Amino acid sequence: MMNYLVIDFGNTFAKLAIFNSSSEIQFEDRAEEFTIGQLRDLVSQFEIGDGIYSSTRDLSPEFEEYWASTKFKVLDTDFPWSFDSEYITPKTLGRDRIAGIAGANALFPKRNNLIIDIGTCITYDLVTANRLHLGGAISPGIDMRLKAMHDYTDRLPLVSKSATTVFLGTSTEEALQAGGVGGVLLEIGTYIDNLANSFEDLNVMLTGGDADFVHSHLNYKMTVQAKLVLIGLFEMLKKNAK
C-alpha cells in the first residue's frame, strides 16, 4: 500500500500529514519548521511513494534541493487545478487557498462552499456547486490586528484574544479586544450573511489556527475542517499521480 506525504507551509506553522491509498491519515504533525533530517526519517519510515507541498513563504534551499531529489510534486503556478476559477490573476492565488478549495470540493461535492481560513491572515473563497471559484477576500487575522494596534501606536498595549469577547469595552484592553477580536467576528458574520443571501444552501467551512476560537463565538451553521488544506493537497496529488 502506497503512502503519500503532504505538507502545508503556512506563514507561521508547517502542517504535515501522511495518507495511505485508502485516504486515511497515518501520521500528522504541526511545527514551526520540519528539519531535513525529520523529513528523511519520515520518508524512510513510512515508505513514501509520492508527495506534495504548498507554501506561502520562502523555504530554505536545502529543503527545496532535497524535495526535488525525491521527484515529489510542488503545488506551484503550473500545477493543474481541480476546479475552474474567475480569478483574473491565477498565478497570485495563494497555494493554501487553492488546496482549501480542492479540499472543500472533495468533502462536499455539488455544494456551494465558502471556505474561511483564519490564520495569520483571514482568507475567504467561494466555490460553487459546479466547481467554479468566484473569488474571495483577504484581511488581517486576529493576532495581526491586535499586534498592529500596539506596534503602530505609542501607548496602546498588546492584548491577547479574550475568551469572552465583548463588543463594548469598558477598559482600553477590552476596547482593543472588542475592535480586534469583535471586529473579526462581525466581519466573518457579515460575509456569511451576504453570501448566504445569494447562494442557496451555503456550506460554510472554517479552517486555520483560530478556526475553533471563532467557531465558539459565532452562532452560525458551519463546521471546522482543521485538515482541509491537507486533504485538498492529497486530492490534487492523487489526481496528478505519477
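The model is a predicted one. Helix 3 covers residues 95-107 and spans 18 Å from its first C-alpha to its last, close to the 18 Å expected at 1.5 Å a residue. Eleven of its 13 residues are buried, so helix 3 is largely enclosed by the rest of the structure.

Next, show the open sheet of six strands, whose order is 6-9-8-7-10-11, with mixed pairing. Strand 6 (84-85) and strand 11 are its edge strands, and each pairs on one side only.

Select strand 10, residues 203-207. Five of the five residues are buried, so this strand is largely enclosed by the rest of the structure. In a regular strand the side chains alternate between the two faces of the sheet. Here both faces are covered: N203, M205 and T207 are buried on one side, V204 and L206 on the other.

Strand 7 (residues 113-118) pairs with strand 10 in the parallel sense over five bridges, and D117 stands opposite T207. Strand 11 (residues 223-224) also pairs with strand 10 in the parallel sense, over two bridges; look for V224 as the bridge partner of L206. Include helix 6 (residues 211-217) in the selection to see a right-handed β-α-β unit made by strand 10, helix 6 and strand 11.

Move to strand 6, which runs parallel to strand 9 and is joined to it by two bridges. The bridge partner of D84 in strand 9 is L132. Also in strand 9 (residues 132-140) is L134, which is partly exposed, with a relative accessible area of 32%. From C-alpha to C-alpha, L134 and D84 are 8.9 Å apart in space, although 50 residues apart in sequence.

Select the open sheet of five strands with the order 3-2-1-4-5 and mixed pairing. Strand 3 (25-31) and strand 5 (73-74) stand at the edges with a single partner strand each, so one side of each has no neighbour in the sheet. Within the sheet, strand 1 (residues 3-9) and strand 4 (residues 48-55) pair in the parallel sense over seven bridges.

**Salt bridges**

Side chains of opposite charge can pair when their charged atoms come close. The model has twelve salt bridges.

- Select D8 and K15, whose closest N and O atoms are 3.5 Å apart in a salt bridge. D8 is buried, at 5% relative accessible area, whereas K15 is partly exposed at 26%.
- Select R57 and E33, which meet in a salt bridge at 3.2 Å, N to O. R57 lies in the loop between strand 4 and helix 2 (61-70) and E33 in the loop between strand 3 and helix 1 (36-45), so the pair ties together parts 24 residues apart in sequence. R57 is partly exposed at 22%, and E33 is partly exposed at 42%.
- Select K238 and E235, joined by a salt bridge of 3.4 Å, N to O. Both sit in helix 7 (residues 228-239), three residues apart, which separates them by about one helical turn.
- Select D143, K161 and D210, which are linked in a salt-bridge network.

**Last stop: a surface patch**

Finish with F167, L168 and L186, which make a nonpolar surface patch of about 360 Å². L186 belongs to helix 5 (residues 172-198).

Terms used:
Residues numbered from 1 in each chain as written. Predicted model: local features only at pLDDT ≥ 70, side-chain atom pairs only at ≥ 80, totals over all residues. Heavy atoms only, no water. Buried < 20%, exposed > 50% of the residue type's maximum accessible area, 1.4 Å probe, protein only. Helix = DSSP H or I, 4+ residues; strand = E, 2+ residues; numbered from the N terminus. Pairing = 2+ DSSP bridges. Right-handed = clockwise from strand over helix to strand, strands pointing away. Expected span 1.5 Å × (residues − 1). Patch = residues over 30% accessible without salt bridge, like charges linked within 9 Å, V, L, I, M, F, W, Y side chains within 5 Å. Areas by Shrake-Rupley, 256 points an atom, 1.4 Å probe, with all protein chains shown as cover. Salt bridge = Lys/Arg side-chain N within 4 Å of Asp/Glu carboxyl O.
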